[in-house]
Amino acid sequence: MTRPIEKVLEVRDLQVKLSTSTGPLHAVRGISFDVAMGETVCIVGESGCGKSITALSVMGLLPKKAEVQAEALRFDSQDLLKLNERQLSNLRGDKLAMIFQEPMTALNPVYTIGDQLTEPLLRHRRISKREAYSLAERILEKVGISGAARRMQQFPHQLSGGLRQRIVIAMALICEPKLVIADEPTTALDVTIQAQILHLMKDLQREFGMGMLFITHDLGLVSRIADRVLVMYAGQIVESGSVAEIFDRPSHPYTKGLMQCLPSGVRAQPGARLGSIPGIVPNLVGGIKGCGFAGRCPAVREACRSAEIALRAVAGTQASRCILPPEEVAKLWTEAVGLEIEQ
Amino acid sequence: MLAYVLKRLGLGILVMLAVSTIVFTLTNVAADPARTIAGEGATAADVEAARIAYGFDRPIPVRYAEWLANVAQGDLGTSYRQRRPVADVVAERLPVTLALGLAAFALALALSLPLGLLAGLRENTWVDRLALVFALVGQAMPTFWFALLGMVIFVVKLGWLPASGSDTWRHFVLPSVVLAYYATPTLMRLTRAGVIEVMKSDYIRTARAKGLRPGKVVLKHAMRNAILPLVSVAAVQLGFMLGGSIVVETIFAMRGLGYLAWESITFSDLPVIQAVVLLIAGIYVLLTLGADILNAWLDPRLRMG
Amino acid sequence: MTHLQVNLSENRMRRQKVLRRALSHRSFVIGFVGVGIVLLLAILAPLVTWHDPYAQSIIDRRLPPIWYGWFWDDPLATWNHPLGTDQLGRDYWSRLVYGGRISLFIGLTATLVSGLIGTTLGILAGYFGGRTDMVISFLITTRLTMPVILVALATVALFNSSLMVVTLVLGLLLWDRFAVVTRSATMQVRSMEYVTAAKSIGSSTPRILLTEILPNIAAPLIVIATIEMATAILYEAALSFLGLGVQPPLPSWGLVLAQAKDDIFFAPWMITLPGIALFVLLLSINLLGDGVRDLTSPEGR
């Protein structure tokens, strides 16, 4: 595979602080990554690790009270942090699009599909309503919806979850964005539909040549869709690398643990049993000391608890935030020490 | 949809039958119409004569059936006091009440929708607090007292508005404001709650992710959903303004239905009282039905039924 | 035994927690204090007043309240009549304090009556459903269709209005909200496990309704009770104001206001003071209700 070079998104040392009722929450603690045109980058992590916050901060959709800082947050060579709300909204839905998790609630129940689908076009392109509708019909066919003209007249509640998610995807792609951020786009769907949607997204990405930031908690999906993988834990990237590198040789105990939780490396069959790593994600309110995973790590050392662990290169493009040598990480969990398999 | 409307109308007629039974029975048990007709200072013999002449010696169910049969044919009876057909008396008073109710309702909506929207969008800011205080004061302010205060300030002290009557639009200003302020708190708090709820929803985030301008996100995507729960309550409020303006109309001596009702009550003019109650009940039935139809139009999910 | 003690202290801790939360809820505290003050004044009326609220005095008519002495050096304003006197020379402070008794009596009694009716109907409709629910729902719709003030006015007036009649009529009219809320709350609770459990051990239906259902829908009922109490007080005042409610010489605030109406030009305090009394009481009850609702709502806990 030839690696595309043109960077569409560049994130350097992104920090996001939220204020919660229990205190300030340092939700994203200095993460850096790039997305190139035509590339799919996956962010993997459990819920609460900061992956959705990362996505929303790129979109500029975090609540006003959230504090977003970064050394660089560049999209299409524009500094997103320097743009005002109006300039940001000019990008959103046009060159920068997002697909959301819940197809059942992501569409407004009181407007027709056609109305909602043409909104980005009417907002960002100088075209007539009629032209917008015919373009919208075409994109509906592209996302595999037949009888587009009839679907355009329907309301969200008249469609199945799979259809709705296709519409949400069509809505994100209708202005041919350079970057699509997909936040768990298939989580709410059943497994067969999930596979279809993934396939569709991969195809569309190839066709449009856009960059994709794919966010999921499901490592199984990652192997099917990603070029590169970022594993996030407690607001930090704990491991990054190409799909092959990460899956062949996970070099952070957390990645290894996640991998071990998959029934057979890749989650395929419906109703497959999922394991889980014992312990809970540390509370980020008020900040944490040392490695965030120390509390759940089977090979925790004294050094892990005292100081922050830096992200260090392992081999090739792979990097990991662990002091253990990769060979030792490889040995972890294999005897299934304390790894409980839950439903 | 048509079947639904017909079913609702049928139920409405049943309900109105029940209302009319209750009102007819109550009024006839409570007051002695023969005494009213015989007039003040009548002797016991006069009253007895009137009782027999008008058939009040017959049992209430019989008289009710007769009254109902007449009402069904459009004959609401004759006013004891004015000695004219009740229908004429009522029809004469309807326009003032309609004008007052609609003006007050429009004013209440014009106040509560923007205020509720603003308070909801700026939750827990000073705007929100101010709106809450405004609502709390409105809820605790007795209508008749507010009317009197308004009179003291705008009529007595400033002399801007006429004190009583219903001849010009200026007569309607103060009563409409008073009546509107009564309904505003409920509508405002509902709008606020609706906006807060809706602004958290996923489709608002979707709308923003499309790059829509804040104004469009709020007015197109949020507002229509936020006012859904408001519609039926607003209908009830309008019904209340059309039927419950009795206090306001009496204070300002406006020649509307409410004032008519008050006069009829003090004179025990039973046919008029019955007619007014029935009319207001009918308005209520139609308004709630209208609210349901409006809701179905606003929310496609309800259309499937 | 120790188990019981643990439970007790746990209970106490929970009660303390609830108390602490209640005390930090601003509108609850304000409402509670407001209602408390009116209630205390009403109960202690003979102790906090020094004039008979009915005693007329021709030479003491329309005396101004005490602050007329402070600001305008009005020599007629004295502490003997701190709030002045009315058009018959009756002490305004005494009349307002005794008027509070009437408002509270009507509010509490009417709410009790309407609460009994509404809760009974609501529980029956919600628990049994089916035809019972249909009939009761029809009753509720009928009641909602009747214009309350008008029907109340007509009935009260035609029955020769008195305090008792006003109270009863309001009680018999204002049960709809109780019924609606109880009905839907009961429907939610009906299928809960503890109800099924009670059924399976053979508890009788009345027992289930009283010991399993009622305690679990108490919170919304308290909120409704505050709303209805405010409504009853407001309606009584309106009825009396229109001259068709409580009859003179009783010092109902609405009646006092109506009598002061003719003096609107010369003695504005006479309409201001009873209005403020009514306003403060209604505001306090509403705040109390809002507070209870916030404190008992699932998100609030």
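Two strands are said to pair if DSSP finds at least two bridges between them. The model described here is predicted. In chain A, strand 3 (residues 40–44) and strand 9 (residues 211–216) pair in the parallel sense, over 5 bridges. Within this pairing, A:Val41 stands opposite A:Leu213, which belongs to strand 9 of chain A.

Both strands belong to an open sheet of 8 strands in chain A, whose order is 7-8-9-3-10-11-13-12 and whose pairing is mixed. Strand 7 (96–99) and strand 12 (312–315) of chain A are the edge strands, each pairing on one side only. On average, neighbouring strands of this sheet are turned by 20 degrees against each other, direction ignored.

| Helix (chain A) | Strands touched (chain A) | Angle |
|---|---|---|
| Helix 7 (residues 191–208) | strand 3, strand 7, strand 8 (179–183), strand 9 | about 160 degrees with strand 9 |

The cysteines may be considered next. A disulfide is a covalent bond between the sulfur atoms of two cysteines. Over all chains, the structure holds 0 disulfides. A:Cys49 is in no disulfide, and the nearest cysteine sulfur, that of A:Cys42, is 13 Å away. A:Cys49 is buried, with a relative accessible area of 2%. A:Cys322 is buried as well, its relative accessible area being 10%.

The size of an interface is often given as the accessible area lost when the parts come together. Between chain C and chain B, the buried area is about 3,600 Å², and carbon and sulfur atoms give 85% of it. On the side of chain C, the residues that lose the most area to chain B are C:Thr145, C:Leu150 and C:Leu158, which together account for 18% of what that side buries.

Across this interface of chain C and chain B, 1 salt bridge is found. B:Arg189 forms a salt bridge with C:Asp290, and the closest N and O atoms are 2.9 Å apart.

Terms used:
Residues are numbered from 1 along each chain as its sequence is written. Chains are lettered from A and ligands numbered from 1 in the order in which they are written. This is a predicted model: local features need pLDDT of at least 70, side-chain atom pairs count only at pLDDT 80 or more; totals for chains, interfaces and linings use all residues. Side-chain values use heavy atoms; hydrogens and water are left out. A disulfide is a pair of cysteine sulfur atoms within 2.5 Å. Buried means under 20% relative accessible area, exposed over 50%, partly exposed in between (1.4 Å probe, protein chains only). Helices (H or I, at least four residues) and strands (E, at least two) are DSSP runs, numbered from the N terminus. Axes are lines fitted to C-alpha atoms, for helices over the stretch in contact, and angles run from 0 to 180 degrees between N-to-C directions. Contact means heavy atoms within 4.5 Å. Buried area is the accessible area (1.4 Å probe) that two parts lose on being put together, summed over both. A salt bridge is a side-chain nitrogen of Lys or Arg within 4 Å of a carboxyl oxygen of Asp or Glu.
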